[in-house]
Amino acid sequence: MTTSELTLPPTAEVKRERRRVMGAGKQLHAGPLTYVVLVVFALVSLAPLVWTAVAASRTDRRLAETPPPLWFGGNLFKNLQAAWDQAGLGTAMLNSLIVAGTITVSTVLFATLAGFAFAKLRFRFSGLLLLLTIGTMMIPPQLAVVPLYLWMSDFGWSNQLQTVILPSLVTAFGTFFMRQYLVQALPTELIEAARMDGASSLRVVWHVVFPAARPAMAVLGLLTFVFAWNDFLWPIIALNQQNPTVQVALNSLGTGYVPDQAVIMAGALLGTLPLLIAFLLFGKQIVGGIMQGAIKG
């Protein structure tokens, strides 16, 4: 009797596993309807930015006409220069970069450490502390403006950048976000194995927690940077026009008896460009990190 005669026919489970393995190497292709939907969503998302650029390239008189302009004019660089000079955007850009960068780094670092503690460490009242942290998200930020301003005034930090940076060094949302991610993405066995190998708490955080949390840290960093760059309520109260962030500086473009809408749009375009550049430079790495974390999960 030959070997082939002794071979048993594959079972249904084996056949399904073979089809799954063979289908894993095939690339999925989207249909025409998928591309149509994606193009529509892309156009709708880009429409405000395109309109801002179109308005920034026109004159204020042309923007007041009906119908409004639908294509670019020839005054873009003139309006950009006017917005830059009138609002003092050079100093404002530097201040916003310092504020947003510091807040982003501190929030990602502290939120990751706090999220890891809530997710994997055992200590007394951890559940209560987590509930209190989440509860602070329910408080409207407008309620904290007056006591926060009085507190910063007592420190003598009026009209200084640390007044904007200090209250935002860590956020409850960031802590909760990192905690929820690390509960699933970081196996407890991996931490125990590192401790059995003699790793200290600092080495566990650096060599185990941070690599596992990298995709979520990238997402949190992007969201925090965008929020800190666009924040207006607290900076307009804490800072003045001599030491502004971008949003505070742009507020000065709307003053006057007849504000120049074209110059305002040019200023808004300048304030948006750093975010677009940041996403173009780091968007691929952020998306790659998200996909890597999804595959590992």
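## Packing of α5 against α6

In this predicted model, helix α5 (residues 76–87) packs against α6 at an angle of about 75 degrees, and their axes are 6 Å apart. Angles of 65 to 115 degrees count as roughly perpendicular, and α5 and α6 are therefore roughly perpendicular to each other.

On the α5 side the contact is made by Ala 83, Trp 84 and Ala 87, and on the α6 side by Leu 89, Gly 90 and Met 93. The residues of this contact of α5 with α6 divide into 5 nonpolar, 1 polar and no charged.

## Packing of α6 against α10

Helix α6 (residues 89–120) also meets helix α10 (residues 172–185); the two axes come within 7 Å and cross at roughly 50 degrees. The pair α6 and α10 is therefore oblique. The crossing in which α6 passes α10 is right-handed.

From α6, the residues in contact are Ala 111, Thr 112, Ala 114, Gly 115, Phe 116, Phe 118, Ala 119 and Lys 120. They meet Gly 174, Thr 175, Met 178, Arg 179, Leu 182 and Val 183 of α10. The residues of the contact of α6 with α10 comprise 8 nonpolar, 4 polar and 2 charged.

Thr 245 lies in the loop between α13 (233–238) and α14 (246–251). Its relative accessible area is 5%; buried means under 20%, so Thr 245 is buried.

Not counting residues up to four places away in sequence, Thr 245 touches Ala 92, Asn 95, Ser 96, Val 99, Pro 235 and Leu 239.

Technical notes. Residues numbered from 1 in each chain as written. Predicted model: local features only at pLDDT ≥ 70, side-chain atom pairs only at ≥ 80, totals over all residues. Heavy atoms only, no water. Helix = DSSP H or I, 4+ residues; strand = E, 2+ residues; numbered from the N terminus. Buried < 20%, exposed > 50% of the residue type's maximum accessible area, 1.4 Å probe, protein only. Contact = heavy atoms within 4.5 Å. Axes fitted to C-alpha atoms, helices over the stretch in contact; angles between N-to-C directions. Parallel < 35°, antiparallel > 145°, perpendicular 65-115°, else oblique. Left-handed = near helix turned anticlockwise from the far one by under 90°. Nonpolar A, V, L, I, M, F, W, Y, C, P; charged D, E, K, R; others polar.
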